[in-house]
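Here is a short briefing on a predicted model. Look over the sequence and the structure, then read the points by topic.

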Amino acid sequence: MCRPPEALTFSGFAVVVARENRLKQWRAWTETFLAATRGKVVQLHLAKKDRYAALVQVAVHVPLLAYCKTLMAFHAETNELFQVASGFYRITVAAVLRIIRQEPSLYWNVIHENPYSDAVLDVFEHELREIRMILASNNFPVFKQIFLDGREFAGEENLKKGFVLFNKLTREAKARWNKK
C-alpha cells in the first residue's frame, strides 16, 4: 500500500508500515529507508494493515479484473470506450488497463496472501447479489437507500473531499487525454 511504480519517490504518497517486533534487527535500516523515500508514513498494526489492504486493494482489484473479463466477454473496443466515456468511466477503464499491464504476481500476492481477502470478497459478492435483486425487483426506494446509507456512513466532510478530489482527477485526466 504505497505508490505506483512509475513514481520516482514516495513523496506525496502514503507508505503504510506495520512495525512488528520480529523486525527489530532491521528497524534502523527501515527508518533510514522510510526517511529517504519522503513518503507520508502511516503506521498501523499488522492486522489493521491487512484489513485495510483487503478493503482498498482486494475489494478494488478483483472487481476491476471482473470488469476486464466483462469487457472481453462483450468484445468491447477499449479505444472506442475511451471515446464515448466521461471522465469517471475513462478513469475506470484506464485502471483496468493499468492493472492488466502489470505483473500478475504482484496482484496475486496482494490478493491471495492477505488473510482478509476471503472475508472482503464474501461481503462484496453478497452485496452484489443484493443489488442485483433490488434491480430485478424494480425497487427504486431500496436502491436509493443504498446511496443515502453510503452518504451517512462516509460523512459530509469526506463526501465533499471525495467529490473535490474526483473532479480534480477527472480534469487532470481529461487534460492529459486531450494532449494526445
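The buried residues of α4 are covered by elements that include α2, α3 (78-84), α5 and α8. The buried residues in α4 are R90, T92, V93, V96 and I99.

**Helix α4**
- The end C-alpha atoms of α4 lie 21 Å apart.
- That agrees with expectation, because 15 residues at 1.5 Å a residue should span 21 Å.
- Leaving aside residues up to four places away in sequence, I99 touches H61, L64, L65 and Y107.

**Largest nonpolar core**
- This core has 11 residues.
- V96 and I99 belong to it, along with A54, V58, A59, L64, C68, Y107, I111, V120 and L121.
- Two or more residues come from each of α2 (46-73), α4 (87-101), α5 (104-112) and α6.
- α2 supplies the largest share, 5 residues.

**Second largest pocket**
- The volume of the second largest pocket is about 1100 Å³.
- Its lining takes two or more residues from each of α6 (117-136), α7 (140-154) and α8 (156-179).
- α7 gives the most to the lining, with 7 residues.
- By type, the lining residues of this pocket are 11 nonpolar, 2 polar and 3 charged.

Technical notes. Residues are numbered from 1 along each chain as its sequence is written. This is a predicted model: local features need pLDDT of at least 70, side-chain atom pairs count only at pLDDT 80 or more; totals for chains, interfaces and linings use all residues. Side-chain values use heavy atoms; hydrogens and water are left out. On a 1 Å grid over the protein atoms alone, a cavity is a set of points where a 1.4 Å probe fits but cannot get out, and a pocket is an open set with protein on both sides within 12 Å along at least five of seven lines; lining residues have an atom within 4 Å of a point. Grid points are joined across faces, edges and corners, and a volume is the space filled by probe spheres set on the points. Helices (H or I, at least four residues) and strands (E, at least two) are DSSP runs, numbered from the N terminus. Ala, Val, Leu, Ile, Met, Phe, Trp, Tyr, Cys and Pro count as nonpolar, Asp, Glu, Lys and Arg as charged, and the others, Gly among them, as polar. A nonpolar core is a set of buried Ala, Val, Leu, Ile, Met, Phe, Trp, Tyr and Cys residues joined through side-chain atoms within 4.5 Å. Buried means under 20% relative accessible area, exposed over 50%, partly exposed in between (1.4 Å probe, protein chains only). Contact means heavy atoms within 4.5 Å. The expected span of a helix is 1.5 Å times one less than its number of residues.
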